[in-house]
Amino acid sequence: MASAPTALIARDPLFVAVDAPAFTARHLARLAGGTLAAVRVPGFLDPAGCRAVTGALDRLPTARYDPGRVPTPVLRFGPALNDYRLPGGGLDAARYWPDVDDARATWGRAAIRPDPVAHALALLGAAWGAAVVPATVGGRAAFGGTVREIDAGLLMHYDDVNREFPGGLFDQDVVAQLAFNLYVSVASGGGATTVWRHRWEPADEGHRDAYGYRPAAVEGRQRVELPPHPGDALLFDPAHFHAVQPNRGPGRRIAFAFFLGVTTGGRLVVWS
């Protein structure tokens, strides 16, 4: 018996992913404005740099996310603001700032060269035409540049600092948020990032699954799939629902990650 026809997905011709030799100000502006799905720069870090960074990562202590919040095992180094969010949407400053100080000191002692975070921020700032600076909270610089090993995948979710901290968090007003990933190691298969043309809406809470959402939340939505390769850098708008597929085959999927915010003053600020 013939299967029922698959419903056609109405496609947005601007929701596409592009490969480019370098990030440009126009790429960042289009991502912030919602007229591009993702930009990937192959070879953002050369093979020798990837090998050097991956070999040095054992100098960084890693820990798993709280399995009660993130059921798939993910190892990471560096504090991410969302892990310090209080139930009312405030920041648990008593825990966050000591962890920031410890992470910065540990990163300095590790002396990883080339420094992939500094490399990325320098190139992004040059593309934008002004240096990327840390987002600040009460005048203190937020941490930016976590390392994450995601081998078992991530549930579909979204990231939006203005929803996560609705009372405001940064000294700067952020009007658009972008996610940056730089892959220094990948498995032989799998590990793709999928980004859907869908932003959170209240009805999505009926599909809630731990920190994320079940696939029904994006049924019939346009999507792009972005497999990782060593040295690739990826930028996309994380307010779109996105997920990471589990690895298939041997290897480790390790990436440096941070968020870029475009402020009302047109500056780029960074945090994790």
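A crossover is right-handed if, with the strands pointing away from the viewer, the path from the first strand over the helix to the second runs clockwise. The model is predicted: local features need pLDDT of at least 70, side-chain atom pairs count only at pLDDT 80 or more, and totals for chains, interfaces and linings use all residues. Residues are numbered from 1 along each chain as its sequence is written, and side-chain values use heavy atoms, leaving out hydrogens and water.

**View A. A right-handed β-α-β unit.** β1, helix α1 (residues 25–33) and β2 build the unit. Helices (H or I, at least four residues) and strands (E, at least two) are DSSP runs, numbered from the N terminus. β1 (residues 17–19) runs parallel to β2, joined by three bridges; strands pair if DSSP finds at least two bridges between them. Val 18 sits opposite Val 39.

**View B. Strand β2 (residues 38–41), covered on both faces.** In a regular strand the side chains alternate between the two faces of the sheet. Ala 38 and Arg 40 lie on one side, Val 39 and Val 41 on the other, and all are buried (under 20% relative accessible area; exposed is over 50%, partly exposed in between; 1.4 Å probe, protein chains only). Four bridges tie β2 to antiparallel β15 (residues 233–236). Arg 40 faces Leu 234 there.

**View C. The salt bridge of Arg 199 and Asp 237.** The N to O distance is 2.5 Å. A salt bridge needs a side-chain nitrogen of Lys or Arg within 4 Å of a carboxyl oxygen of Asp or Glu. Arg 199 counts as partly exposed because its relative accessibility is 40%. Asp 237, at 6%, counts as buried.

**View D. The salt bridge of Asp 83 and Arg 76.** The closest N and O atoms are 2.6 Å apart. Both residues are buried.
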